[in-house]
Amino acid sequence: MLSTIRRIRAERRETGQILVLFAGGLATLLIVAALAFDVGMVLVERRDEQNAADAAALAGARYVLIDQTTAEDAARTIAQANGFDDSDPDETVNVYMPAVHGRYAGLPGFIEVEIQDSRPSIFAGIIGRPSWDVSAFAVATNKQNLSFPFGMLALNPTACKAIQVSGTGVINLYNGASVQSNSNGADCTGDPIGFSRTGGSTINVFGPATTCRSAGGIQDQGSGAMTCTKAPDSFALPDPLRNLPAPPKPALAGAMAPVGFTRTTDTYPNYCPGKTGTKPPSETQPNPCVLGLGSDAGLAWILQPGLYPNGLVVKNGATAYLRPGIYWIGGGGIQVGGSSSSDTSSIISIPAGFDPTGGITHASWETDGGDVLIYNSKLPGIADGPITFNGSAGRAWLKPFQVADSIPDSCDDLSCYNNIVIFQDRTVTQTVTLNGSTSETDVEGLIYVPAGEVKLNGNSGTLNVDQIIADTFLINGNGGTINVNKGTDFESDIIAAGLVD
């Protein structure tokens with residue numbers, strides 16, 4: 001009898017526990033179902049808002065380039081027709097020209113419609129959520145061509161910190177020389193950073209308003225400063241030279257000439273233009289032309305445009321004066337200067353007919369410097385190489401290519417290369433290094449390195465550049481100054497039409 005009573009009591013306790021568990025589970029199930037219902041209704045509401053914002057922005061875009069008042073009226077009319085009325089206390093319809101959100105924020109000619117709504121909860125009130133705030137926006141424009149000037153443009157779409165500025169140097173941006181990173185930072189292991197400034201480095205702006213834009217995030221850390229307007233999560237800019245063909249391969253460069261000394265051609269440096277006897281230049285030569293070896297240290301030579309198989313090296317205080325024209329590097333790259341702080345090796349472009357026997361000053365070069373294009377490529381069987389202007393105690397003064405434009409919009413007369421000073425083959429991923437340490441490195445015109453990195457290092461010196469397009473940038477000067485002057489007018493153009501955000 002006692003055992004039966006105990007069994008009955010135990011069964012009653014189990015039945016009570018089951019009821020408690022059932023009640024708790026039922027309450028949880030009801031809460032989840034209520035939230036799911038409310039969230040579903042919110043998603044429907046947001047879809048309706050997005051559809052209304054899209055339609056309203058498109059309606060306003062028809063007039064945005066003509067009459068902003070008419071554009072706003074059209075946008076509000078369509079929003080209201082889709083059920084969203086700004087006069088409703090629970091609804092807000094904002095119209096912005098220019099847009100204030102998205103990738104085109106601040107640009108003229110764009111209209112943004114933002115719709116906000118406070119929707120009462122149906123079941124979520126049981127957990128203390130009486131309403132839901134829902135919003136959506138859309139940006140549109142009528143068809144327009146947009147031009148974006150820049151001083152530096154990084155083309156890589158995913159690199160972590162495609163533009164990386166560090167050290168203690170100073171970057172000065174002049175004449176509206178904006179800086180653009182097309183990278184969304186997807187290759188970063190942490191935050192997706194497309195543009196980074198750290199340490200004591202400083203980016204200063206002089207002249208027109210200048211923007212530091214990135215398709216990803218922008219990192220601005222350290223004791224330095226960044227006075228350009230920061231625009232993270234911006235749209236990428238197209239490469240304005242993406243359709244520019246490579247310059248045609250010329251014949252071997254003409255014979256170079258000694259400056260201030262005499263030398264028979266058979267005693268010219270091996271593999272250099274004009275060398276006769278053994279080891280003359282050829283398209284299959286195994287080594288570069290080297291100026292400054294042995295007893296040639298400190299000597300100056302005048303070089304002619306043309307093909308330079310396996311590259312050019314200027315070292316041990318030698319000077320290469322470049323006559324106007326295209327210098328087609330068939331491999332090996334170009335190296336000027338060495339690691340020694342006392343190396344005064346130089347590369348200087350000079351006008352046709354100029355006699356540099358007495359030297360050349362920077363002031364006279366500014367007035368009369370020659371016009372050159374260095375095309376860095378590779379011949380079959382010859383490895384490509386980097387371009388390195390160490391400029392430790394020497395000079396790197398180059399002016400961009402210029403020829404008369406007798407056939408507009410044609411490359412038949414080579415005028416499509418005007419204002420370009422360095423053009424690296426799109427299949428060459430080598431680095432172009434410009435180092436202004438203890439000296440002045442002045443490279444005018446556009447530097448175009450679409451598949452390689454450009455390194456700028458202004459240690460204790462001044463580095464002047466105009467415009468640069470590269471895959472990525474590494475700027476790490478300490479105590480030096482880099483001036484980005486935007487002296488040329490290459491711009492990225494995009495066509496915007498319809499809904500863009």
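1. Start with one cysteine. At 34% relative accessibility, Cys160 counts as partly exposed. Here buried means under 20% relative accessible area, exposed over 50%, and partly exposed in between, with a 1.4 Å probe and protein chains only. Its disulfide partner is Cys188, with an S to S distance of 2.1 Å. Cys188 counts as buried, at 11% relative accessibility.

2. Some ground rules for the reader. This is a predicted model, where local features need pLDDT of at least 70 and side-chain atom pairs count only at pLDDT 80 or more, while totals for chains, interfaces and linings use all residues. Residues are numbered from 1 along each chain as its sequence is written, and side-chain values use heavy atoms, with hydrogens and water left out.

3. Now the overall picture. The protein chain has three helices and 31 strands. These are DSSP runs numbered from the N terminus: helices are H or I with at least four residues, strands are E with at least two. Of its 501 residues, 49% count as buried. The chain exposes about 21900 Å², and carbon and sulfur atoms supply 53% of that. Such areas come from the Shrake-Rupley method with a 1.4 Å probe; for residues, only the protein chains shown count as cover. Take the contacts with a separation of 6 or more: residues 24 or more positions apart account for 62% of them. A contact means heavy atoms within 4.5 Å.

4. How many disulfides does a search of the whole structure find? The search finds three. A disulfide is counted as a pair of cysteine sulfur atoms within 2.5 Å.

5. Return to Cys160 and Cys188. The torsion about their S-S bond is about 100°, so this disulfide is right-handed. The pair links distant parts of the chain, 28 residues apart. Cys160 lies in the loop between strands E4 (152-154) and E5 (163-165). Cys188 lies in the loop between strands E7 (179-181) and E8 (193-197).

6. Next, Cys212 and Cys228, with an S to S distance of 1.9 Å. This link is left-handed, with -100° about the S-S bond. Cys212 sits in strand E10 (residues 211-214) and Cys228 in the loop between strands E12 (225-226) and E13 (229-231), so the pair ties together parts that are 16 residues apart in sequence. Cys212 is buried at 0% relative accessibility. Cys228 is buried too, at 4%.

7. Then comes the disulfide of Cys272 and Cys289, their sulfur atoms 1.9 Å apart. Its torsion is about 100°, so it is right-handed. Cys272 is in the loop between strands E14 (257-259) and E15 (289-291), and Cys289 is in E15. The two are 17 residues apart. Both are buried.

8. Look at the nonpolar packing. A nonpolar core is a set of buried Ala, Val, Leu, Ile, Met, Phe, Trp, Tyr and Cys residues joined through side-chain atoms within 4.5 Å. The largest core has 60 residues. Those with the most contacts inside it are Ile203, Leu291, Leu303, Ile374, Phe389 and Ile447. Strand E29 (residues 462-475) gives the largest share, six residues. Apart from this core lies another, of 31 residues, among them Leu237, Leu373, Tyr375 and Ile382.

9. Not counting residues up to four places away in sequence, Ile203 touches residues including Ile171, Leu173, Phe195, Cys212 and Cys228.

10. Which strands pair with E6 (residues 170-173)? Strand E9 (residues 202-205) pairs with E6 in the parallel sense over four bridges. Strand E30 (residues 481-484) also runs parallel to E6, joined by four bridges. Pairing requires at least two bridges found by DSSP. Asn172 stands opposite Asn204 in E9, and Val170 stands opposite Thr481 in E30.

11. Finally, charges. There are eleven salt bridges, each a side-chain nitrogen of Lys or Arg within 4 Å of a carboxyl oxygen of Asp or Glu. One joins Lys399 and Glu366, with the closest N and O atoms 3.9 Å apart. Lys399 is in strand E25 (residues 396-400), Glu366 in helix H3 (residues 362-368). Lys399 is buried at 10%, whereas Glu366 is partly exposed at 35%. Lys486 and Asp489 form another, at 3.5 Å. Lys486 is buried at 9%, but Asp489 is exposed at 64%. Glu72, Arg76 and Asp86 are linked in a network of salt bridges.
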